[in-house]
Amino acid sequence: MKTFNAEFSGFIELSTDQQCDAEIMCERVFREIREVFASHGCISDCKISI
């Protein structure tokens, strides 16, 4: 079976007073993205980082 790679990049701007709040919000968004990828059986590897 062939494999294909896709690379995503982007920018998330958060309005918050505390850096720790922004980091928590980003982690939640990334967790949801990972869950969507995991729900598709054909995706075997996913690296998402800040």
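**Close-up views of a predicted model**

**View 1. Phe 4, at 71% relative accessibility, counts as exposed.** Phe 4 belongs to the segment before α1. Follow the chain for 39 residues and you reach Ile 43, whose C-alpha atom is separated from that of Phe 4 by 9.7 Å.

**View 2. Ala 6 is another residue of the segment before α1.** Its relative accessible area is 63%, so Ala 6 is exposed under the over-50% cut-off. Cys 46 sits 40 residues away along the chain, yet 9.9 Å separates the C-alpha atoms of Ala 6 and Cys 46. Both Ala 6 and Cys 46 turn up again in the next view, among the residues nearest the centre of the largest pocket.

**View 3. The largest pocket has a volume of about 950 Å³.** Its lining is made by 25 residues. Those nearest the pocket centre are Ala 6, Phe 8, Phe 37, Asp 45 and Cys 46.

**View 4. Ile 12, Val 29 and Ile 33 make a nonpolar surface patch.** The patch covers about 220 Å². One of its members, Ile 33, lies in helix α1, which spans residues 19-38. Ile 33 has a relative accessible area of 33% and is therefore partly exposed, as that label covers values between the 20% and 50% cut-offs.

Note on methods
Residues are numbered from 1 along each chain as its sequence is written. This is a predicted model: local features need pLDDT of at least 70, side-chain atom pairs count only at pLDDT 80 or more; totals for chains, interfaces and linings use all residues. Side-chain values use heavy atoms; hydrogens and water are left out. On a 1 Å grid over the protein atoms alone, a cavity is a set of points where a 1.4 Å probe fits but cannot get out, and a pocket is an open set with protein on both sides within 12 Å along at least five of seven lines; lining residues have an atom within 4 Å of a point. Grid points are joined across faces, edges and corners, and a volume is the space filled by probe spheres set on the points. Patches are made of residues with over 30% relative accessible area and no salt bridge: like charges are joined within 9 Å, nonpolar side chains (Val, Leu, Ile, Met, Phe, Trp, Tyr) within 5 Å. Accessible areas come from the Shrake-Rupley method with a 1.4 Å probe; for residues, only the protein chains shown count as cover. A salt bridge is a side-chain nitrogen of Lys or Arg within 4 Å of a carboxyl oxygen of Asp or Glu. Helices (H or I, at least four residues) and strands (E, at least two) are DSSP runs, numbered from the N terminus. Buried means under 20% relative accessible area, exposed over 50%, partly exposed in between (1.4 Å probe, protein chains only).
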